[in-house]
Every structure is written in structure tokens, then in C-alpha cells.
Amino acid sequence: MTSQASLDTAISHPSELLVLVFQGGGALGSYQAGVFEAIAERDARPDWIAGISIGSINAALIAGNPPERRVEALRGFWHTISSLVTFDPPLPGVVARSVFNEGSATASALLGIPGFFRPRFPPTYMFPSNDPGDLSYYDTAPLRDTLLQFCDFDYLNDEGPRVSLGAVNVRTGNFCYFDSADTRLAPEHVIASGALPPGFPPVEIDGEWYWDGGIVSNTPLQYVLERDHVHDMVAFQIDLFSSRGELPETIEDVSQREKDIRYSSRTRLVTNYVKERQCERRAVHRLLQKLPDTLKDDADARFLSEHETDASVTVVHLINRAREHSRGSKDYEFSRHTIDERWSDGYQDAMRTLNHPAYINRKKPDIAIEVLDLGTGEDLSHGRSNGVGQRRSS
């Protein structure tokens, strides 16, 4: 018999699929690892993980390991790629920290990142190649070895949760997902999802070349809700860029704000769209229940029945919000101090959300989709720009 204590700490209700939705964002992805650690502490096991770019890497690391080793695999990966700059900022203060971060980002750009990417030598722009796989400033061959070290792809495909990785076809410009529901995933699918040009080269899969899915959309939520509108879900949408922010005050602020807007991929607009679609499906479901038996076999009724649903979705929105010392280089600033800092932010934000009364006491939404945008509140000790928790329904 299930105790009341276990019910109070459960991540999802028994009838719900637990889905993790990971945005792309380079070095910011350690925030998602911190969120997952908090979720894993509740012994929660995701049924489906959808990711783009660094979100695809985190998805593979989680799905490619048994539950008891998932956090360990994430830590191993993030420890490896943060091993270029391992010392702490030498001086306190926002200005000194910004200088430290910029220095770390510059080192990444010049030297590459261990276990992730390295500069091409000789550079492609000086010695052009006819191979599309060489069209980039960096070589991502080290990432393949790192993925094989921390991810068991046989386990991912045969025993792990469903995984969906977003990418874009370079030749057609079409957005696509590599989905373990119908494709046996390999390291190349993960690397393709994060192949952001011109830094990283396209990846060839079955005769086609693919780039980072974030070029088209950096938020996989729409794919998840379009592909499965039958099951009840609780979807943790873990974003690395915040669509909301302050008006830039300096030229350095402009780069960061532009990047936040571009890669947040209109998250709230997408969420509103899928809410409307889910409302329509539920309206069709109710309408079909009212039809007389003589009309239920009508061709139009049969067509509508393929698109109806009585399922409900709870979207738990967690957003990595910029610290005061953040700059436009934050997505390629891989110092150990910053990576650990973002991991801690994700863990704390997730714990606050999971312990929030609005989450603990949630019920199946009466109408389509409920979005729990609980935020983190004001946290002056971290110097973070945080929002106030909200609860939105549709």
C-alpha cells in the first residue's frame, strides 16, 4: 500500500507520463543536470526525454544509463568538459567575475573544450576541404569518444526511456527529430542535434547532412505534444535562455539579450499554441461523445476521432535565469566554477518547485493544459534576476 508520504513526494501521478524537455544552450546545460539531480532524488524515472543541442547530450546521458547511474554519468560528462579552467575566480565582485568569465570563454574559443571540441588545424578557412564534415572552425570528434564513455547506447535503445533529438536537414532546411521510438540512436544523432554552424560541422546520417536543431526551434515541447496527445503527462520544460529580461544598458548587455531572445525560441508562444491545440482536441472529444450512433460511423466523425483526446498535460516550466555577471559568452564559458554554479542553480530551482504547494497539491487539469511557472523568487545571495512564481491554466 502506498503511504501518504510517498504520494506527497511523487513527481508524477500514476496515470501520467513523466516527460523531460531540454532546450539547447551549450555550457548553460549544466542547469538541466542540476534539475535532473533533484528529480532523481525523488526516485522519478522519466518515460520520455526530448532535447535539442546540449539538451540532446543530457538526454542521451540520462537515457543511456540505468537509474542508479544517471546522475553519476551527468557529473562525469560535465566534469570532463569543464576541466580546462578548474580554478575559482581570484577576486570577488561582479566586475571581477565578468572578467574571469570572459577570460574563460576566450580560452574555450582559442583552445577548445576537453572531451567536446578542438580547433581545426590547419583551419578550414585557410585550407578549404571538399568534405562537408570539415566545414567548421572546430572538430567535434572528441565528443563522440566522450559520449561512448558516459552513455551506453545499447541500453538507451533497448531499455531506456524514449528519446527524441531535434536537428535540421542542411540540404532541405527541414526540421526533424531522431526518435528512439522508430530509429536506433547512435552518437552521430546526438552530435548532429548539437552541430551549430559555423563552429561545429554538419553530421552525415543516411546520406543526409544535419545541423543543430536550434537553428529552427530550440524548444522541443511542441514535438512532444504533437506526437502524443493521448496520454496524460507532466512535462518538465527546462529552458536555458529566458525570453524575459531587462533592457540592455551596455553594449555587452546587447549580445546577451539578443541571444536570450533568439534561443528562447518563443517558448511562451509555443506553449500557448499547444494549449490551444489541446483545447481543440478535448472539444472534439466532447462533441464526439454527443453524436448519435447513426453519425459515429460517418467519414468526418472517423477523421475527427483520430485527432481527439481527453488527455491533460501539466507543464512545469523551469528557466535558467542570468546572473548579474553573465555576458553574451555565457553559452561557451565552461569553467568548472561556473558549471558547478549553474548545476546548483538548477538543483535549487527544481527543489523549490517540487516543494511548492502548487505542485504538491496539483490535480489533473480540468481543461487541457496547466502551466506551473513557479519561478524561484528573489535570491540576492546569487545575484540572479528571478521572477515570481505563477500558475497559469487553459
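These are my notebook entries on what I looked up in this structure, which is a predicted model.

**Entry 1, the whole chain**

I began with the secondary structure and found 14 helices and twelve strands in the chain. I then looked up the radius of gyration, which is 22 Å, close to the 21 Å that the globule rule gives for 394 residues, so the chain is as compact as a globular protein of that length. Taken along the principal axes, the box filled by the C-alpha atoms is roughly 75 × 50 × 45 Å.

Of the contacts with a separation of 6 or more, 75% are made by residues 24 or more positions apart.

For the surface, I noted an accessible area of about 18000 Å², with 54% of this area belonging to carbon and sulfur atoms.

How far apart are the end C-alpha atoms of helix α4? I found them 17 Å apart, which agrees with the 16 Å that the twelve residues, 70–81, should span at 1.5 Å a residue. I listed the buried residues of α4 as R70, V71, A73, L74, G76, F77, W78 and I81. Looking for what covers these residues, I found that the cover includes the helices α2 (30–41), α3 (54–63), α6 (141–150), α7 (153–158) and α13 (336–354).

I went on to helix α5, which has 18 residues, 94–111, and reaches 25 Å from its first C-alpha to its last, close to the 26 Å expected at 1.5 Å a residue. The buried residues that I noted here are R97, S98, F100, N101, S104, A105, A107 and S108. Against what do the buried residues of α5 pack? I found strand β4 (138–139) and helix α13, and α13 is also among the elements that cover the buried residues of α4. Just after α5, I noted that G112 takes a positive phi of about 85°.

I looked up D179 last, and found it in strand β6, which runs over residues 175–179. Is D179 buried or exposed? Its relative accessibility is 0%, and since buried means under 20%, D179 counts as buried. Leaving aside neighbours within four places in sequence, I found D179 in contact with W48, R162, V163, S164, L185, Y223 and R227. I also compared the position of D179 with that of A105, and the two are 74 residues apart in sequence and 33 Å apart in space, C-alpha to C-alpha.

Note on methods. Residues numbered from 1 in each chain as written. Predicted model: local features only at pLDDT ≥ 70, side-chain atom pairs only at ≥ 80, totals over all residues. Heavy atoms only, no water. Helix = DSSP H or I, 4+ residues; strand = E, 2+ residues; numbered from the N terminus. Rg over C-alpha atoms; globule rule 2.2 N^0.38 Å. Contact = heavy atoms within 4.5 Å. Areas by Shrake-Rupley, 256 points an atom, 1.4 Å probe, with all protein chains shown as cover. Expected span 1.5 Å × (residues − 1). Buried < 20%, exposed > 50% of the residue type's maximum accessible area, 1.4 Å probe, protein only.
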